[in-house]
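Student: I should like to learn how to read the features of a model such as this one. Could we take them in turn?

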Amino acid sequence: MIRGACLSFQPSDAMNIRRLTTDDRPLYRALRLESLQESPEAFASTYADALLRTDESWESQTHSSATGPDRATFILVDSTQGALGLAALYRSEIHPETGDLLQMWVSPALRGNHWASTLLEEIFRWAGANEFSVVQAEVTPGNLRAIRFYEKYGFVSSERPDGTTILTKHVDPPFSRGSASLICFAESKPPGAHR
């Protein structure tokens, strides 16, 4: 949990977080392109490269992120404004107990509140239920806002020689699925993106 104000968060009809479904290819593609265009400095992938991807490539990524215990992409959806954020966790091929946190992004309109933290809570719930023991995030050099956000959430940082920061956090045992989740969020603004 991160330090800061805590509240009991009840998902509303207007805003919710859900895992991608196999039918979400157009939605996922649009959201990913928006994130790459809005925050190009925060990702290893580029908007130009993503535009060149085939429909089959998007379909394959959507399907693998919507099914099974090795990959999941969660999206933040508002019933009136559409998709406003995403975060993905992919199981490491080298260390199967480790998940790589990717594509973390929320719309600028939602920054400075609890939605980035809420996306991470969902990632950690899913990780705990699918036998991950560690989540790691790679942050591009100079993205201090993202580093501060992850550290407040409980990640521990280390730096590679190239300036890339790797942040890790252990996964708690599976979360219980009650009607409400305790969400604690930092008082400072969460990052809009990473990787």
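Student: Is W115 buried or exposed?

Tutor: A residue is called buried under 20% relative accessible area, exposed over 50%, and partly exposed in between, with a 1.4 Å probe and protein chains only. W115 has a relative accessible area of 9% and is therefore buried. This residue is found in helix α4.

Student: What conventions apply to the model?

Tutor: Residues are numbered from 1 along each chain as its sequence is written, and side-chain values use heavy atoms, with hydrogens and water left out. This is a predicted model, in which local features need pLDDT of at least 70 and side-chain atom pairs count only at pLDDT 80 or more, while totals for chains, interfaces and linings use all residues.

Student: Which pattern does the protein chain follow along the sequence?

Tutor: Helices (H or I, at least four residues) and strands (E, at least two) are DSSP runs, numbered from the N terminus. The protein chain has five helices and nine strands, and the pattern reads β-β-α-α-α-β-β-β-α-β-α-β-β-β. Of its 195 residues, 50% count as buried.

Student: How is strand β5 placed among its partners?

Tutor: Two strands pair if DSSP finds at least two bridges between them. Strand β4 (residues 82–91) runs antiparallel to β5 and is joined to it by six bridges; G85 has V106 as its bridge partner in β5. The two strands form a hairpin, with six residues between them. On β6 (residues 134–139), β5 has a parallel partner, joined by four bridges, and T98 stands opposite V134 there. From β5 the chain crosses through α4 (residues 115–129) to β6 in a right-handed β-α-β crossover; right-handed means that, with the strands pointing away from the viewer, the path from the first strand over the helix to the second runs clockwise. As for burial, nine of the nine residues of β5 (residues 98–106) are buried.

Student: Which element gives the most to the largest nonpolar core?

Tutor: A nonpolar core is a set of buried Ala, Val, Leu, Ile, Met, Phe, Trp, Tyr and Cys residues joined through side-chain atoms within 4.5 Å. The largest one has 32 residues, and L101, M104 and L120 are among those with the most contacts inside it. Elements giving two or more residues include β4, β5 and β6, but α4 gives the most, with eight. L20, L31, L36 and A50 belong to a second, separate core of 15 residues.

Student: Why does the length of helix α1 agree with expectation?

Tutor: The expected span of a helix is 1.5 Å times one less than its number of residues. Helix α1 (residues 25–38) has 14 residues and should span 20 Å; its end C-alpha atoms are 20 Å apart, so the values agree. Its buried residues, including Y28 and L33, pack against α2, α3, β3, β4 and β5.

Student: Where is the pLDDT below 50?

Tutor: The predictor's confidence in each residue, from 0 to 100, is its pLDDT. The protein chain averages 83, and 83% of the residues score at least 70. The pLDDT is below 50 over residues 1–12, a stretch with 37 contacts (heavy atoms within 4.5 Å) beyond near neighbours in sequence. It is also below 50 over residues 175–195, where the corresponding number of contacts is 83. Where pLDDT is low, the predicted coordinates should not be read in detail.
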